[in-house]
Amino acid sequence: MAALSIAFEAPDNYRGYTPSQHRPIDLVHLAKQTSGDKALELEVLHTFARQARSCMNELACGKADIVTQAAHKLKGAALAIGAFNVSSAAEKVENRAGDAAGIIQLGNAITEAENFINTLSRS
């Protein structure tokens, strides 16, 4: 049993690299969050996509307090499912609510995540 666990441990030169983190959704992170339940993963992803769309509508209002709240909510939801690009972009918008370029970047990250989710759903 010990040999088996050693075989699956990260090597010393691993340094935290996770190929899954280069996708719009880190599927390894998501699997950990859902205990590997594939049906739950899809449900969580679709819920996130709906929430992200709702937040984007709030971001479009232009009111700084609403933009900040929506970005914060989106950042937390994205972190929970492993949408790290969305989370990073949302954090930038949260910190600078009036930055139109940041909102565009966030919209692009959301679109990329949604497209990825749609691809997973078709599989």
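View 1. Ser87 touches Lys75, Ala78 and Leu79, not counting residues up to four places away in sequence, where a contact means heavy atoms within 4.5 Å. Ser87 is buried, with a relative accessible area of 6%; buried means under 20% relative accessible area, exposed over 50% and partly exposed in between, with a 1.4 Å probe and protein chains only. The side chain of Ser87 reaches the backbone oxygen of Lys75 at 3.5 Å. This is a predicted model, in which local features need pLDDT of at least 70 and side-chain atom pairs count only at pLDDT 80 or more, while totals for chains, interfaces and linings use all residues. Residues are numbered from 1 along each chain as its sequence is written, and side-chain values use heavy atoms, with hydrogens and water left out.

**View 2. The two sides of helix H3**. In H3, Glu41, Leu45, Phe48, Ala49, Ala52, Cys55, Met56 and Leu59 are buried. They cover an arc of only 135° around the axis, taken from the directions from the helix axis to the C-beta atoms, which puts them on the same side of H3. On the other side of H3, Ala39, Glu43, Arg50 and Asn57 are exposed. The buried residues of H3 pack against helix H2 (27–33), H4, H5 and H6; helices here are DSSP runs (H or I, at least four residues), numbered from the N terminus.

**View 3. Contacts of Leu59**. Leu59 touches Val67, Ala70, Ala71, Val93, Ile103 and Leu106, again leaving out residues up to four places away in sequence.

Definitions and conventions. Polar contact = N/O pair within 3.5 Å; in protein donor to acceptor, adjacent residues only side chain to side chain.
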